[in-house]
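Dear colleague,

My findings follow it, and I would be grateful if you could read them alongside the coordinates.

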Amino acid sequence: MSTYDPLDAQQQRNLFWSHPLVTKNYVALTPSMPQVLEVVMDSIALHKKSLVFKAFPRMGKTTICKFVLSALEHHPAFKDRSVSLVSADTIGDLKRRESIVISLAKVLGILIPTRPVIASIRTKVLHEIESRLRNQLGRHWVLVIDELQALSMEDFEHLQHIQNELALHNIDTTLIGFSQTQIAHKINLLSQQKRVELIVRFLNEVWDLPYCADQGWIGQTLKSYDSDFTYPTGSDCSY
């Protein structure tokens, strides 16, 4: 917009509700994002079983999760990997909480019947993953899970079964999890119930999500708002 006048109050009012900062239709790159992506890419390249990042609420887990997903989908080195993103059901009532199998089926575009049989849906999930990898000429499925701490023991058992079945068909699986700090409680619970195999497979490597530790972190983040992001499009007016 070459005719934008920052002193025109009426024009500003007309544009205000469409501003990306108001609509939330923007993503600012923080120093944490490339750090997390580098660790994730190394883990996938090494065919690790799992990698988990934990942080307190409102620290950008979901935003970084989506950033990682987009980067993996567009990186040429991972074009033969099939990547899926699932957000675990965090509803408080465990009886009403959605099984990870159903969540996976929805993400993979599988039709869910009115009265689903989990074992049957799980088989369809396996077939869909195999089909996608066959089309990509690949043998590595990357599963990204947001809100990992919400998974139940039964969910972990379903994921274990899926990993085992895929391994029988020479398909590796890497789980990348983003979790709240309650994941420590989940690990303790699994340990008390002597489910060490689930810890080793899914919760063996837990990292603290990189966060704002100094003034430099803030400066790098805000730089985009002052130099890279402009609104209206075509104007010289930064966010």
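Rings of Phe, Tyr and Trp, the last taken by its six-membered ring, count as a pair if their centres lie within 6.5 Å. Please note that this is a predicted model. By that rule, the count comes to 3 aromatic pairs.

Phe53 and Phe178 form a stacked aromatic pair, at 5.6 Å centre to centre and with 20 degrees between the planes. Since Phe53 lies in strand S1 and Phe178 in strand S4, the pair ties together parts that are 125 residues apart in sequence. Phe53 is buried, with a relative accessible area of 1%, and Phe178 counts as buried at 0%. Phe156 and Phe202 form an aromatic pair that is tilted, with 5.6 Å centre to centre and 35 degrees between the planes. Phe156 belongs to helix H7 and Phe202 to helix H9, so this pair ties together parts that are 46 residues apart in sequence. Phe156 is buried, with a relative accessible area of 0%, and Phe202 is buried at 1%. One aromatic cluster is formed by Phe53, Phe178 and Trp207.

Turning to the sheet, its 5 strands form an open arrangement in the order S2-S3-S4-S1-S5, with parallel pairing. Strand S2 (81–87) and strand S5 (206–208) stand at the edges with a single partner strand each, so one side of each has no neighbour in the sheet. On average, neighbouring strands are turned by 20 degrees against each other, direction ignored. Strand S1 (residues 50–55) and S5 run parallel and are joined by 3 bridges; Phe53 stands opposite Trp207 in S5. Helix H5 packs on the sheet, where it touches S2 and S3, and its direction makes about 125 degrees with that of S2.

The remaining findings concern helix H7. At 1.5 Å a residue, the 16 residues of H7 (residues 153–168) should span 22 Å, and the end C-alpha atoms are 23 Å apart, which agrees. The buried residues of H7 are Asp155, Phe156, His158, Leu159, Gln160, Ile162, Gln163 and Leu166. These buried residues pack against several elements, among them helix H5 (100–107), helix H6 (118–136), strand S3 (140–146), strand S4 (172–180) and helix H9 (196–202). H7 is followed by Asn170, which has a positive phi, near 60 degrees.

With kind regards

Definitions and conventions
Residues numbered from 1 in each chain as written. Predicted model: local features only at pLDDT ≥ 70, side-chain atom pairs only at ≥ 80, totals over all residues. Heavy atoms only, no water. Helix = DSSP H or I, 4+ residues; strand = E, 2+ residues; numbered from the N terminus. Expected span 1.5 Å × (residues − 1). Buried < 20%, exposed > 50% of the residue type's maximum accessible area, 1.4 Å probe, protein only. Contact = heavy atoms within 4.5 Å. Pairing = 2+ DSSP bridges. Axes fitted to C-alpha atoms, helices over the stretch in contact; angles between N-to-C directions. Phe/Tyr/Trp six-rings, centres within 6.5 Å; stacked < 30°, edge-to-face > 60°.
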